[in-house]
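Subject: Structure handover

Hello,

Here is the structure you will be working with. Please open it first, then read the notes below it.

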Amino acid sequence: MWEPDGAEGHEGKVGVLLEDGTVPGPVYIDLGSGSYVPSFTDWWYYDGTHRRPLADRMRAVCACGWSGERTYPIDWKRVRPREPYSYDTSGPERDWEDHTRRINAAAVQLPEDVARLISRIRERLDDIEGDDPLTALRIVGELDSVVEVNGSYATRLATRKHTDEEIATALGATEKALNTRLRRYDPRHY
């Protein structure tokens, strides 16, 4: 999975398409030890072996449900069976990065002075952590107290004025990730 930078809940990965353009279901592999049969959706499982579906194209997919329009052929002769992750999946990854850039562009932009302050705090924490983890922990505690005090108030105001969809878009998050975040900010009311 590709982890987003700022687009919370928008984890991406390589998805596959069969020759007829359909998206295959998960691949089930019987490991022979019990009634549980695990399933997998990693692109390299769709190689046509052991009665698995054979994917001929890949594309980017996102946890939010988005799928890339562009597809890329899979050359199974170049996929190393023990190292499928070494196969070039940069095309789908670039498409997913474009998707998350659009998500971030639609989000509410931080005021410039606040963005600079946050950046500076991150830099200082990086500098301090290795040499003085107790001070770093104290700084994180202070930030937690700001979130604890202001998070519940901001959550209540936002949810009174806006729909979950509007808030998720403003934060660059999926609605599922938004619900987790708002519950963390205001567990008594959300």
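**Salt bridges in the helices**

R101 and D98 join their side chains in a salt bridge, 2.5 Å from N to O. A salt bridge here means a side-chain nitrogen of Lys or Arg within 4 Å of a carboxyl oxygen of Asp or Glu. Side chains of opposite charge can pair when their charged atoms come close.

Before going on, note the ground rules. This is a predicted model, where local features need pLDDT of at least 70, side-chain atom pairs count only at pLDDT 80 or more, and totals for chains, interfaces and linings use all residues. Residues are numbered from 1 along each chain as its sequence is written, and side-chain values use heavy atoms, with hydrogens and water left out.

Back to the pair. Both R101 and D98 sit in helix α1 (residues 90-106), three residues apart, or about one turn of the helix. Helices (H or I, at least four residues) and strands (E, at least two) are DSSP runs, numbered from the N terminus. D98 is partly exposed because its relative accessibility is 28%. Buried means under 20% relative accessible area, exposed over 50%, and partly exposed in between (1.4 Å probe, protein chains only).

Helix α2 has a pair too: E123 bridges to R120. Their closest N and O atoms are 3.5 Å apart. The two residues are three apart, about one turn of the helix. E123 is partly exposed at 40%, and R120 is partly exposed at 44%.

Now helix α3 (residues 133-161). R138 and E142 both lie there, four residues apart. Their salt bridge spans 3.4 Å, N to O. R138 is exposed, because its relative accessible area is 58%. E142, at 42%, is partly exposed.

The structure holds 10 salt bridges.

**The whole chain**

The protein chain has five helices and five strands. Along the sequence, the pattern is β-β-β-β-β-α-α-α-α-α. Of its 190 residues, 28% count as buried. The C-alpha atoms fill a box of roughly 55 × 45 × 40 Å, taken along the principal axes.

How does the radius of gyration of the protein chain stand against that of a compact globule? The chain has 21 Å, while a compact globule of 190 residues would have a radius near 16 Å. The radius is taken over C-alpha atoms, and the globule rule is 2.2 Å times the number of residues to the power 0.38.

Best wishes
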